[in-house]
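My notes follow in the order of the look-ups.

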Amino acid sequence: MNLLHLIHTDYKKYKKYGGNFFTIVFFTQGFWAVFQYRIAHSVYRLPIPILKQLLQFFCLIWQKVIEMTTGISIPASAQIGHSFYIGHFGGIILNAKTSIGNNCNLSQGVTIGVSGQGENRGVPKIGNNVYVGTNVVIAGNIMIADNVLIGACSLVNTNVAANNVMLGVPAVKISEKSSEGYV
């Protein structure tokens, strides 16, 4: 997908949850952060080294302004699929090596980071149609499969199978009802 198509799918996802163009573009901090990430990620992937370095400098400044304004940190090197939605601003930290699939939702206070030792050390890979609730921590070299719902205030540090609903510290499977209706 090209940059404009990715931005359009993100915008459509925000529009699905309510709001008009003016509200989404000028008052929705999550959209600001996702928009900035999309631009910075396209610059990160540029094949021309000199142009890439110059533009990355401006994107890094822009990213820091977004971080200070919204409390959302999405590094340009993260891999995020289309239709990405951040429900509320504040306290969202993604590791630079984060991988998130298509059509995923994050709530406020989410941390996706590195954890573990030796060969278990790494960053999570998150599948498609995943809903991550408020104040969730996902850490380690783990895989979150498709259609997973992670409930508020959970710590996920093990692999999660498709369609599971996870809750708790550490998170445990409480059902197989999936993320349908949340994403």
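**Helix H3**

I listed the buried residues of H3 first: Gly-30, Phe-31, Ala-33, Val-34, Gln-36, Tyr-37, Arg-38, Ala-40, His-41 and Val-43. I note that this is a predicted model.

I then checked the dimensions of H3, which runs over residues 29-44 and has 16 residues. From its first C-alpha to its last it reaches 22 Å, close to the 22 Å expected at 1.5 Å a residue.

Next I looked up what covers the buried residues of H3. The cover includes the helices H1 (3-16), H2 (21-27) and H4 (49-70). It also includes the strands S1 (72-73), S2 (79-80) and S3 (85-86).

**Thr-9**

I located Thr-9 in helix H1. Setting aside neighbours within four places in sequence, I found Thr-9 in contact with His-82 and Ser-83.

**The sheet**

I traced an open sheet formed by six strands, in the order S3-S6-S9-S12-S14-S15, with mixed pairing. S3 and strand S15 (172-175) stand at the edges with a single partner strand each, so one side of each has no neighbour in the sheet.

I looked at one pair inside this order. Strand S12 (residues 149-150) and strand S14 (residues 165-167) pair in the parallel sense, over two bridges. In that pairing I found Leu-149 opposite Val-165 in S14.

How values were computed:
Residues numbered from 1 in each chain as written. Predicted model: local features only at pLDDT ≥ 70, side-chain atom pairs only at ≥ 80, totals over all residues. Heavy atoms only, no water. Helix = DSSP H or I, 4+ residues; strand = E, 2+ residues; numbered from the N terminus. Expected span 1.5 Å × (residues − 1). Buried < 20%, exposed > 50% of the residue type's maximum accessible area, 1.4 Å probe, protein only. Contact = heavy atoms within 4.5 Å. Pairing = 2+ DSSP bridges.
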